[in-house]
Amino acid sequence: MVAVLELHASPRLYGSSFSLVLPRRFRSSISCCSNDVAVRPLVLTDAEQRSVVRLGLPSKGRMAEETLDLLKACQLTVKQVNPRQYVAFIPQLSNLEVWFQRPNDIVRKLQSGDLDLGIVGFDTYCEYGQGNEDLMIIHDELGYGHCRLSLAIPRYGIFENINSLKELTQMPHWTDERPLRIVTGFTYLGRKFMEEKGLKHVRFLTADGALEASPAMGIADAIVDLVSSGTTLRENNLKEIEGGVLLQSQGVLIANKKSLIQRKGLLNITHEILERLEAHLRAAGQFTVIANMRGNNAQEVADRVLSQPSLSGLQGPTISPVYCKRNGKVTVDYYAIVICVPQKALYKSVQQLRSISGSGVLVSNLTYIFEEETPRWRKLLSELGL
Ligand SMILES: Nc1ncnc2c1ncn2[C@@H]1O[C@H](COP(=O)(O)OP(=O)(O)OP(=O)(O)O)[C@@H](O)[C@H]1O
Ligand SMILES: O=P(O)(O)OC[C@H]1O[C@H](OP(=O)(O)OP(=O)(O)O)[C@H](O)[C@@H]1O
Ligand SMILES: [Mg+2]
């Protein structure tokens with residue numbers, strides 16, 4: 001329990017009043033100090049009183065399934081009693097509740113302190129967070145939900161030869177009476193972008209979906225919406241223009257900054273989630289490659305391997321002797337080399353291994369790469385001043 005000490009100081013001396021939060025045991029000693037001291041109990045809000053940690057996950061839409069898949073791949077399977085229940089749990093993380101919410105509500109509830117952690121698209125974080133400093137990004141590239149928020153205009157009519165934001169801005173058509181009408185679900189980011197780009201005669205209209213139909217219906221001149229493959233724009237006779245991308249987005253893990261500092265157990269849970277995410281995502285693009293190579297000693301084999309540009313692995317190759325029994329005698333004629341190889345560079349690496357007489361090449365998927373330290377954790381602690 002805590003009490004609030006309000007010091008109603010003389011305005012002549014201090015010009016204002018203060019509040020101090022002190023443990024109750026100090027109350028008696030304080031109350032007799034001065035007539036200017038008043039004590040009242042502090043009422044903690046529900047968000048402050050809560051002892052269980054809450055993680056918000058998208059309840060529907062594109063992010064929902066992939067978020068659960070990502071957590072599962074990190075051995076953090078979310079258990080839901082039935083699909084209509086909005087609360088769930090992760091057996092590995094005791095003292096954690098999972099709440100399924102619409103992505104924009106996740107951001108809102110993080111701001112109010114009703115959620116502590118959440119996973120949403122970066123676009124949703126920016127639109128609904130509106131630069132609120134109480135929100136922090138813990139992991140900025142979860143590797144799915146890639147898209148961009150873009151301004152698009154018709155391919156036809158007065159826009160036929162307009163291919164850049166500069167050209168759009170310089171069109172003589174836009175006036176106070178007849179502004180450029182932009183329909184979007186991202187009015188905060190849209191307005192901010194247009195202000196930054198200096199387009200004055202602009203009016204924003206809102207709609208919840210199928211925005212791409214608005215120009216053809218004559219409701220708007222342009223749209224600001226999410227684009228990934230570009231198919232929806234193309235099929236509706238719209239085009240993106242140079243300089244018209246507001247932001248690039250993918251899934252992010254975010255948190256309430258105050259909760260991170262104050263809520264017991266939250267930092268530990270955040271650390272564990274972050275470590276698992278980083279280890280999984282780092283491993284996602286890599287293969288383990290094992291090959292045998294004839295040689296006189298490990299150093300000579302290492303020199304040969306490191307002469308090839310794609311064979312240095314994460315910190316250099318691991319090279320171990322392969323023991324064979326020949327004519328009753330144990331000898332070492334071969335060395336096994338183990339390296340991590342980016343998936344994209346796999347075939348090139350195999351070719352390079354062969355060129356230095358590597359044989360019996362085994363390739364397997366990597367599940368996790370745990371580094372000595374999680375760089376994002378260090379960054380988080382420093383941002384929290386811990
Ligand atoms: N075409 C897309 N390709 C990739 N990611 C996308 C695409 N559209 C949206 N996203 C990402 O998925 C998030 C959720 O979008 P989605 O459209 O699934 O949900 P929603 O708009 O909240 O729900 P709904 O559109 O069903 O009302 C977006 O904030 C964005 O980060
Ligand atoms: O570039 P593309 O791959 O074609 O994707 C772009 C479309 O995806 C999103 O819509 P969504 O499918 O989520 O439908 P919604 O409008 O109902 O949200 C977005 O609002 C675009 O309309
Ligand atoms: Mg959508």
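Tutor: Before we start on this predicted model, one cut-off: buried means under 20% relative accessible area, exposed over 50%, and partly exposed in between.

Student: Okay! Is Arg 376 buried, exposed or partly exposed then?

Tutor: Arg 376 has 22% relative accessibility, so it counts as partly exposed.

Student: And which residue does Arg 376 form a salt bridge with?

Tutor: That would be Glu 278, with the closest N and O atoms 2.8 Å apart. The pair links distant parts of the chain, Glu 278 in helix 11 and Arg 376 in helix 14, 98 residues apart. Glu 278 is buried, at 3% relative accessibility.

Student: Which residues are linked with them in a network of salt bridges?

Tutor: Asp 140, Glu 141, Arg 282 and Glu 371 are linked with Glu 278 and Arg 376 in that network.

Student: Nice. How many salt bridges does the count come to?

Tutor: The count comes to 19. Another one joins Asp 134 and Lys 258, whose closest N and O atoms are 3.7 Å apart. Asp 134 sits in the loop between helix 5 and strand 8 while Lys 258 is in helix 10, so this pair ties together parts 124 residues apart in sequence.

Student: Switching to Ser 259, where is that found, and is it buried or exposed?

Tutor: Ser 259 is in helix 10, residues 257–262. Its relative accessible area is 7%, so Ser 259 is buried.

Notes: Residues are numbered from 1 along each chain as its sequence is written. Chains are lettered from A and ligands numbered from 1 in the order in which they are written. This is a predicted model: local features need pLDDT of at least 70, side-chain atom pairs count only at pLDDT 80 or more; totals for chains, interfaces and linings use all residues. Side-chain values use heavy atoms; hydrogens and water are left out. Helices (H or I, at least four residues) and strands (E, at least two) are DSSP runs, numbered from the N terminus. Buried means under 20% relative accessible area, exposed over 50%, partly exposed in between (1.4 Å probe, protein chains only). A salt bridge is a side-chain nitrogen of Lys or Arg within 4 Å of a carboxyl oxygen of Asp or Glu.
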